[in-house]
Amino acid sequence: MEARKVELVASPREPHFVGDGFRVHNFIPSGYRMDMQRMSPFIMLDYNSKYYFEPSEIPKGVGVHPHKGFETVTIAYKGKVEHHDSSGGGGVIGEGDVQWMTAGNGVLHKEFHESEWSKKGGIFQMVQLWVNLTAKDKKSSPKYQSIENAQMKRFYLPDNQGEIEVIAGKYQDVNGSASTFTPVHLMNAKLKKGANASFSFPAHYNTALLVIEGSITVNSSESVPTDHLALMSNNADDFTIQATEDTIVLVLSGEPINEPIAAHGPFVMNTRQELIQAFEEFNQGKFGYLAD
Ligand code: MN
């Protein structure tokens with residue numbers, strides 16, 4: 001049976017700062033033939049590769065800003081982030097933890113390095129992923145899910161070869177705890193050197209692999225080094241990855257949302273008219289209140 005192919009391996013582009021706390025390589029949407037539709041429902045992926053932040057008494061990050069029409073998912077690999085939003089959601093996530101915020105019909109939030117971590121400084125590594133919502137779900141109320149690493153559901157590979165931490169969706173018989181609006185599979189494959197793991201997602205689900213640590217070979221043929229993203233083709237369901245050293249890979253796969261996308265800054269809607277309306281609502285204070 002034919003395996004799902006690697007369509008392209010994207011190297012990390014020049015990093016840019018989001019606020020003063022997130023030094024990110026943008027992979028989606030990008031010039032790599034990945035517009036917001038190509039990886040739908042994943043419409044944005046910013047990757048803060050390992051970066052040392054000096055100790056700072058004033059936590060670095062991004063101040064109060066709005067979002068509407070999608071979900072922001074933050075996956076922490078190194079360092080700690082503190083989050084607060086105008087719907088009352090918030091908390092601190094550290095190494096291995098995930099924060100899943102549904103902006104829905106509009107929210108204000110702020111994202112900063114956690115204050116004690118900031119005072120010490122250190123290596124910071126994180127992913128922020130935006131998951132689109134359907135027109136119907138863009139009307140839903142904001143929601144916040146915190147998925148602590150200790151509670152994460154795991155599939156253990158045989159012979160102590162590693163584990164798959166399932167954030168959302170399913171690996172084999174293990175279901176992740178995050179609730180999603182449309183089918184999304186999101187997991188960290190933590191593999192020992194030489195370990196193999198096979199994945200199966202419906203061919204039409206858009207799928208990518210981000211190598212966080214180590215390196216992999218996909219289907220015994222395509223090499224994907226650290227900090228690179230493999231965009232998988234939609235030709236088949238199944239593929240296998242092999243760890244060429246101790247490895248962490250973020251695996252994302254989701255059913256595409258086949259609706260028009262009108263996006264500007266922190267708002268992702270279906271039409272230009274809805275975007276204009278989102279700005280008006282924000283300017284009228286309809287996303288609630290959040291102190292600086
Ligand atoms: Mn944000």
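Trainee: Which side chain meets Arg154 in a salt bridge?

Mentor: Keep in mind that we're looking at a predicted model. Arg154 also belongs to a network of salt bridges that includes Glu165 and Lys190. With 2.8 Å from N to O, the side chain that meets Arg154 is that of Glu163.

Trainee: How many residues apart are Lys50 and Glu213?

Mentor: These two form a salt bridge, and their closest N and O atoms are 2.8 Å apart. Lys50 sits in strand β4 (residues 42–53), while Glu213 is in strand β19. The pair links distant parts of the chain, and the separation is 163 residues.

Trainee: Is Lys50 buried or exposed, or something in between?

Mentor: Buried means under 20% relative accessible area and exposed means over 50%. Lys50 comes out at 40%, so Lys50 counts as partly exposed.

Trainee: Okay, and why are Lys119 and Glu116 separated by about one helical turn?

Mentor: Their side chains meet in a salt bridge, 3.3 Å from N to O. Both residues belong to helix α1 (residues 115–120). They are separated by about one helical turn because their spacing in that helix is three residues.

Trainee: Which residues coordinate the manganese ion?

Mentor: Start with the spacing of the donor residues in sequence, H-x1-H-x41-H-x1-E. At 2.1 to 2.5 Å, the coordinating residues are His65, His67, His109 and Glu111.

Trainee: Which strands hold His67 and His109?

Mentor: Both histidines are buried, and they lie 42 residues apart. The pair links distant parts of the chain. His67 is in strand β5 and His109 is in strand β10.

Trainee: What is the bridge partner of Leu209 in β24?

Mentor: Look at strand β19 (residues 206–213) and strand β24 (residues 247–254), which pair in the antiparallel sense over seven bridges. They belong to an open sheet of seven strands, in the order β1-β22-β19-β24-β17-β14-β13. In β24, the partner of Leu209 is Val251.

Trainee: Which are the edge strands of that sheet?

Mentor: In the order β1-β22-β19-β24-β17-β14-β13, check the two ends. An edge strand here pairs on one side only. That gives β1 (6–10) and β13 (153–156).

Trainee: Which residues have the most contacts inside the largest nonpolar core?

Mentor: In soluble globular proteins, nonpolar side chains tend to be buried together. The largest core here has 32 residues. Leu186 is in contact with residues including Val73, Ile75 and Leu250. The residues with the most contacts inside the core are Leu45, Trp100, Val127 and Leu186.

How values were computed: Residues are numbered from 1 along each chain as its sequence is written. This is a predicted model: local features need pLDDT of at least 70, side-chain atom pairs count only at pLDDT 80 or more; totals for chains, interfaces and linings use all residues. Side-chain values use heavy atoms; hydrogens and water are left out. Donors are N, O and S atoms within 2.8 Å of the metal (3.2 Å for Na, K and Ca); water is not among the atoms, so sites may look incomplete. Helices (H or I, at least four residues) and strands (E, at least two) are DSSP runs, numbered from the N terminus. Buried means under 20% relative accessible area, exposed over 50%, partly exposed in between (1.4 Å probe, protein chains only). Two strands pair if DSSP finds at least two bridges between them. A nonpolar core is a set of buried Ala, Val, Leu, Ile, Met, Phe, Trp, Tyr and Cys residues joined through side-chain atoms within 4.5 Å. Contact means heavy atoms within 4.5 Å. A salt bridge is a side-chain nitrogen of Lys or Arg within 4 Å of a carboxyl oxygen of Asp or Glu. Lists of a residue's contacts leave out its neighbours within four places in sequence.
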